[in-house]
Amino acid sequence: MERTNDYPATCAGCGGTVAAGAGVLVGLRPKGWAVYHPEHVREPGPPVPHEHPGWHRRGLTAFDVAATGHRTAVDRILAASVRCADGTARDWLVDPGAGPLAVDPAKRHGITVERARAEGVPAVRALDEVAELLAGRLAAGEPLVVWYAPYVLTLLETELTRHGLPTLGERAPHGLAPVCDPLVLDRHADPYRSGGRSLERVTAWYGVPHDRPGDAASDAEATLALAQTLGARYPALARFSPPALHNEQLLWNAAAHGRHDPDSWPLAPVEPRPWSAHGPA
Ligand SMILES: [Zn+2]
């Protein structure tokens, strides 16, 4: 039997008053109940977006890569994409150079090492262009939006170092900041939601278009839209300045993974390794 409210309450669906005994109680996670008019009970979903101001309505630069695998110390970037709130869009196919490289079969970007070598821009030039563009945006104070930043940014910094180039952290006047990782924001804003936290799952939850999961351009586009909608749906996230948001994520990320050293975020501590360490994935 459905539970009902013993006392008059506010309907969580419409905001109107529900007379005692006339409503439906819906369990909330992690605890508590919401009261609804029977006709206003809805499927669980994200909070609705609002019009408040915040970083999410200003300049944002989203970045993602397609790589040979998930290991930041040895895997190589085969494609990189930048999508900005002002409409700027850049894509690189990257020739990773010689060496015994193989793509992890779990990767869904569809770029083979052979194609990247045949059609890509040499890594040293592509990575330098990527880092210059991102450093300019960081210098202007624009948050760099990266889904799972410790993986993507560590991979980028490792690749830059491997090719003898200055890292992004060295190029930007305030180091690798401000960074905005929608994964950290979503975990903080909605910690008890079940169903997994892949970019694909999270974009689906928030209704963000994401046509080709695994493709760097599609992932960067989805990451940008996801950051914007998170800011619009959670006023508590939108109220931070970009530098304050960066610092909060450091703490939230450390809280979510007790084992991580908060000082390293948004990087994971790794060292580049020689060719001999790069076996098939
Ligand atoms: Zn109602």
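Two residues are taken to be in contact if their C-beta atoms, placed from the backbone, lie within 7 Å. The model is predicted, so local features are given only where pLDDT is at least 70 and side-chain atom pairs only at pLDDT 80 or more, while totals for chains, interfaces and linings use all residues. Residues are numbered from 1 along each chain as its sequence is written.

By that criterion, and leaving aside neighbours within four places in sequence, Ala80 is in contact with Val65, Trp92, Val94, Ala126, Val130 and Ala216. A residue is buried if 20 or more other C-beta atoms lie within 10 Å of its own, exposed if 12 or fewer, and partly exposed in between; a nonpolar core joins buried Ala, Val, Leu, Ile, Met, Phe, Trp, Tyr and Cys residues through C-beta atoms within 7 Å. The largest such core has 63 residues, and Ala80 is listed with Val65, Ala79, Val94, Val146 and Val152 as having the most contacts inside it. Helix 7 (residues 216-233) gives the most to this core, with nine residues, and apart from it lies another core of five residues, among them Cys11, Val24, Val35 and Tyr36.

The domain assignment, automatic or from a database, gives domain 1 (9-40) and domain 2 (58-271), whose centres, taken over C-alpha atoms, are separated by 40 Å.

Technical notes. Helix = DSSP H or I, 4+ residues; strand = E, 2+ residues; numbered from the N terminus.
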